[in-house]
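Hello,

I am passing a structure on to you, with a few notes on what I found in it. Please have it open while you read.

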Amino acid sequence: MKKTIFINARIVDPTQKIDKLGTLTVENKKIIEISFEKFNSKYKDNNEVINCKNLILSPGFVDLKCHLRVPGDEHKENLSYASEAAASSGITSLVCMPNTNPIIDNVSIVELLQRKARKESHVKIFSTGSITKKLEGNELSEFGLLSEAGAVAFTDATTAVNNASVMYKALKYASAFDILLMQHPEEKYLSKGGSMTSGTLSTELGIKGIPIEAEVIQVERDIRLAEMTSGKIHFLNISTGLAIDAIKSAQEKGLKISCSTSPHYFSLDETNIKKWRTFAKLSPPLRDKKSVADVKLGILNNVITCITSDHSPHDTDSKRLPFEVASPGSIGFESLLPLTLNLVKEKKLGLLKLVELISSNPAKLLNLKAGSLKKGSNADIVLFDPNKKINLSSALIKSKSKNFPYENKKAFGKVYLTMVDGKIIFRDGKFNI
């Protein structure tokens, strides 16, 4: 069988602590060999040989929080557009949120999504299930049945489970099946009606604010519940130093607590919404500059262990509205690598750590067969240049929606090739092999 051989590659794989020039060989959907010896040209015959020219070859990225809008809101995004955008961004596995229409709270919707993914997507798509039926926060979904059907975790997406008794039962139920719950870190009543972070700027703009304490109050409550139940909980989109400190303390106690953030929270701050820019309206909202620094420190100190795109496509009608009523969220596939690479350029982390944050750690958290270049692993691979200067622009976006808050932002990082299960699903036409 024909092999694909990547030569002259800087192989970066945190699961093997490798950052070294070498050769990687793929055959029949699997990685069959990594070698650091000089490539023997006799193996070129009848094989596809790709000269990586010292570019980074790493495990494909694993995005554990994105909104694919399927089923129900295909006018905002569909699996075909999402797949193309993800592939061009080096993302080989997507984990979608359950806030679809209908909600992913029963087996039939999980199976529907899987069927559509096999037909319409070149990247791997995994589903979460909702913690509560219809995301209403009252009655628990059937974790066991949904997990058997393929749900890899459970979350109420951008709504926190407000009732402490319901969350206690959810954690206790989930711990019996060794299931991970993912929580949106925002206390419902403190954040109700708010559109941005409380403070001087919200007062100046005349927009009702959300206090930063809404995040840590939710986090601290759920840490206590996790301790009571021996449950596992992962907090999505952490954006404040207060919450990071609480999570760090819980981790030091040995509790099964983890968290992630998205590039929005270390690349933008609340001043980016001046002039009521709804493309920068997010949930949780953008914070002040100190919080941005705290998030970066949380990543550096290994409290925040995953970075997600938080891809949230919205059509024009959902965003071109007064700030208070516009839908929160931004698309994020195409900016995931470049904005995270900014942390490397700032010398806050190395490339091994970067790949760990956006590939190996998310795969490990969700027990996915991804995030590694070990022999025998699925050949989910990305080839990228971390030093290539790029200009982030909505004109380059492959997603169906264009709600992109980084217009004309200078960055680094270009993906040249993406492979899933040994098949090249994206190749930049300007890359000469």
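Where does His-314 lie? His-314 sits in the loop between β15 (306–307) and α11 (316–319); helices (H or I, at least four residues) and strands (E, at least two) are DSSP runs, numbered from the N terminus.

Before going on: this is a predicted model, in which local features need pLDDT of at least 70 and side-chain atom pairs count only at pLDDT 80 or more, while totals for chains, interfaces and linings use all residues. Residues are numbered from 1 along each chain as its sequence is written, and side-chain values use heavy atoms, leaving out hydrogens and water.

His-314 counts as buried because its relative accessibility is 8% (buried means under 20% relative accessible area, exposed over 50%, partly exposed in between, with a 1.4 Å probe and protein chains only). Its side chain makes a polar contact with the side chain of Lys-76 (3.3 Å). A polar contact is a pair of N or O atoms within 3.5 Å; within protein, one must be able to donate a hydrogen and the other to accept it, and residues adjacent in sequence count only if both atoms are side-chain atoms. A polar atom of the His-314 side chain also lies 2.8 Å from the backbone oxygen of Pro-328.

Elsewhere, there is an open sheet of 3 strands in the order β6-β7-β8, with parallel pairing (two strands pair if DSSP finds at least two bridges between them). Its edge strands, β6 (61–66) and β8 (124–127), each pair on one side only. Strand β7 (residues 91–96) is joined to β8 by 4 bridges, and Cys-96 stands opposite Ser-127 in β8.

Best wishes
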